[in-house]
Amino acid sequence: MKILYKVLTIIFLFTIINFASDGKKYGKEITLKEKTKISEILKNPAAFEGKRVLVEGTVIGVCEKRGCWIRLAGDKDYESIRVKVRDGEIVFPLEAKGKKALVEGKIYSFVTKAKKKKGTKKDDKECEIEGTQKRIYQIKGIGAIIK
Amino acid sequence: MKVRKVIRILHRDIGYIAFALTIIYSISGIAVNHSDDWNPNYSITKDTLIIPSSINLQASSKDLPKKIIEIFQIKDSIKSSFKSSPVTIDIYFNKKTLSVNLKKRIAILEKVESRTLLRESNFLHLNNPKKIWTWVADIFAVSLILLAVTGLFMIKGKNGIKGRGKWLTLLGILIPLFFLYLYF
């Protein structure tokens, strides 16, 4: 019985410590001290490619199926950036939506080709634009704290 | 002590310990097997709401989120909000998101509910905790191997591995081989 009490006390203390900590941690420890504004990255993303950054923003989207990405709102209206993590390495919960997140990761890019719409003559030009290649910049997440 | 007796004791005691995890992993296995058809962790519902035509909402208004939740009589407190375009705004509550399109005058209210027990089972089964749990899961996997092997030699006679057992074991081996041949 004494052992049971000891085990329960340890679990209780562990829970208290866990909840008392400043937000929930995901992945590796955050090492960077200086934050970079998301607007700064989006202004000239190519300049940040391959660089490690620490960003902060509200979580406005979470991967519903695997929790393998989150989208962070920028410091300016209409701006956001996606943080992608390796599937299964970090799993973001859907409850993170609307919460503040501090994320450390590396900026990278890839080229995507948008799907071509079945268009009429009227929106042929629009189709051309949609069919063009687009370079997407996002953050390869290493560690995060969601408050 | 006879070998068969040791095997029986091992099978029995490992079986007791592995019981809970086997159930957890099996249920989670079924759940994630069908992840193309449903979300094994959350139940997500979406309701479409209409902004009455009599109400005029200004996208530039600073207290826009507050005005919107008054229209829909949402009692939850706002966590945060985000303007994704000049005419769209997302308002976040605890486990709820209201996505409003001012131009179309519609709003989608998304409610997220965690699937109790199933989400926790998936969390363990998919090794989301990592750290020491990885070792626990490895030990469990080894236990399953031991259960499988000791299970073969539990009994002797016509129902043992030398009798009916060998045919059933062979059938068990053929099942994965058949599907490998079919799909691999």
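**Strands and a kinked helix in a predicted model**

Colleague: Which residue of E6(A) is the bridge partner of A:Gly27?

Modeller: For A:Gly27, the partner in E6(A) is A:Gly143.

Colleague: Strand E4 (residues 80–84) of chain A is also joined to E6(A). Which residue of E6(A) is the bridge partner of A:Val83?

Modeller: E4(A) and E6(A) are joined by two bridges, and they run parallel. In E6(A), A:Val83 is partnered by A:Ile139.

Colleague: Over how many bridges do strand E5 (residues 100–113) of chain A and E6(A) pair?

Modeller: One of the pairs of partners here is A:Val103 with A:Ala144, the latter in E6(A). E5(A) and E6(A) pair in the antiparallel sense, and the number of bridges is 13.

Colleague: In chain B, five strands form an open sheet. Which are its edge strands?

Modeller: The order of the strands in chain B is E1-E5-E4-E3-E2, with antiparallel pairing. An edge strand pairs on one side only, and this holds for strand E1 (42–50) and strand E2 (80–85) of chain B. From one strand to the next, the twist averages 15 degrees. The edge strands are thus named E1 and E2 of chain B.

Colleague: Helix H2 (residues 64–71) of chain B packs on this sheet. What angle does its direction make with that of E3(B)?

Modeller: H2(B) touches E2, E3 and E4 of chain B. Of these, E3 (residues 88–93) and E4 (residues 96–101) pair over six bridges, and B:Thr88 has B:Asn101 as its partner in E4(B). The angle between the directions of H2(B) and E3(B) is about 75 degrees.

Colleague: On which residue is the kink in H1(B) centred?

Modeller: A straight helix of 31 residues would span 45 Å, whereas helix H1 (residues 3–33) of chain B spans only 39 Å between its end C-alpha atoms. The helix has a kink of about 50 degrees. Its buried residues include B:Ile14, B:Ala18 and B:Leu21, and helices H3 (118–125) and H4 (131–152) of chain B are among the elements that cover the buried residues. The kink is centred on B:Ala18.

Key:
Residues are numbered from 1 along each chain as its sequence is written. Chains are lettered from A and ligands numbered from 1 in the order in which they are written. This is a predicted model: local features need pLDDT of at least 70, side-chain atom pairs count only at pLDDT 80 or more; totals for chains, interfaces and linings use all residues. Side-chain values use heavy atoms; hydrogens and water are left out. Helices (H or I, at least four residues) and strands (E, at least two) are DSSP runs, numbered from the N terminus. The expected span of a helix is 1.5 Å times one less than its number of residues. The bend at a residue is the angle between axes fitted to the seven residues ending there and the seven starting there. Buried means under 20% relative accessible area, exposed over 50%, partly exposed in between (1.4 Å probe, protein chains only). Contact means heavy atoms within 4.5 Å. Two strands pair if DSSP finds at least two bridges between them. Axes are lines fitted to C-alpha atoms, for helices over the stretch in contact, and angles run from 0 to 180 degrees between N-to-C directions.
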